[in-house]
Amino acid sequence: GENELFCYRTTKQIWGKERTVVIYLSEKLRRGQLRGLKVALQKKNEQLQELKQKLNAPRARKKKREDVEAKIKDILKGERGELLIRVSIDEISEGYFDIDWEIDSENYRFVTENIFGKKILVTGRDEWSEEEIIKAYFGQSNIERVFKNFKNPYHHAVHPQFHWTDQKVKVHTFICLTGLLLSQAIWKKAREAGYNYSIETLLDKLAEVRQAEIVSLTGFKGKPSKEVQLEEMEPELLELYQILDK
């Protein structure tokens with residue numbers, strides 16, 4: 001089906017312990033790696049072309065072969081350049097060189113077809129099925145997105161704290177976590193109601209909701225009466241508030 005993934009499962013000694021390993025193919029990852037490789041090879045081709053022009057310049061100085069080799073090695077370093085680009089050095093005359101290069105088609109095919117697109121997941125959850133392991137990995141990005149909100153300077157920010165004692169720092173962090181949990185619950189409710197806002201946008205909109213407390217004095221004796229009333233708001237915001245207030 002559309003959501004099927006080809007995977008391979010085994011166990012290996014990793015980090016001093018026997019662990020479960022799942023390898024699966026990701027076409028999305030492979031396409032991204034291919035785009036990155038194309039850019040890298042193009043850049044290395046430009047650098048090699050620039051070196052060739054310098055070597056062939058009318059006023060080029062004599063060079064040692066090892067210096068040319070070192071320059072080529074530096075250009076090919078990284079992005080599998082040494083594996084994928086085959087460079088030949090031709091000594092035209094003593095101290096004067098020319099270079100040519102080509103893509104190693106066999107190695108290119110091996111890298112793009114046998115290495116690219118593979119993700120390796122390592123877990124200590126030996127009892128989990130391959131589906132559970134892969135789903136847990138996919139869910140990791142959601143967890144990372146939630147905790148990324150702690151760095152948001154407008155919502156749930158842990159810093160600055162303005163506290164120094166351990167007890168108050170713990171209370172401050174607890175309040176931030178509680179606020180994060182509550183906002184996630186509200187965000188989930190809004191999404192279930194058809195609102196596809198990001199959590200930041202949702203909180204910004206809800207910040208526009210204002211509630212006033214009206215105090216009425218009926219005389220010099222007795223307590224004043226209080227009445228709580230929402231300020232007027234746009235119909236769309238009112239509808240959102242009423243849905244979340246249920």
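Biologist: How many bridges join β1 to β2?
Modeller: Eight, and the two strands run antiparallel. Strands are DSSP runs of E, at least two residues, numbered from the N terminus, and two of them pair if DSSP finds at least two bridges between them. β2 covers residues 17-25. The model is predicted: local features need pLDDT of at least 70, side-chain atom pairs need 80 or more, and totals for chains, interfaces and linings use all residues. Residues are numbered from 1 along each chain as its sequence is written, and side-chain values use heavy atoms, without hydrogens or water.

Biologist: What is the bridge partner of R9 in β2?
Modeller: V22.

Biologist: In what order do the strands of the open sheet come?
Modeller: The order is β1-β2-β5, three strands with antiparallel pairing. β1 (7-14) and β5 are at the edges with a single partner strand each, so one side of each has no neighbour in the sheet.

Biologist: Changing topic, is I120 buried or exposed?
Modeller: I120 counts as exposed because its relative accessibility is 56%; buried means under 20%, exposed over 50%, partly exposed in between, with a 1.4 Å probe and protein chains only. I120 belongs to β5, residues 118-123.

Biologist: And what caps the N-terminal end of α4?
Modeller: D104 does, with a side-chain oxygen 3.2 Å from the backbone nitrogen of E106. Helix α4 spans residues 105-115; helices are DSSP runs of H or I, at least four residues.

Biologist: Which residue just after α4 has a positive phi?
Modeller: G117, at about 90°.

Terms used:
Polar contact = N/O pair within 3.5 Å; in protein donor to acceptor, adjacent residues only side chain to side chain.
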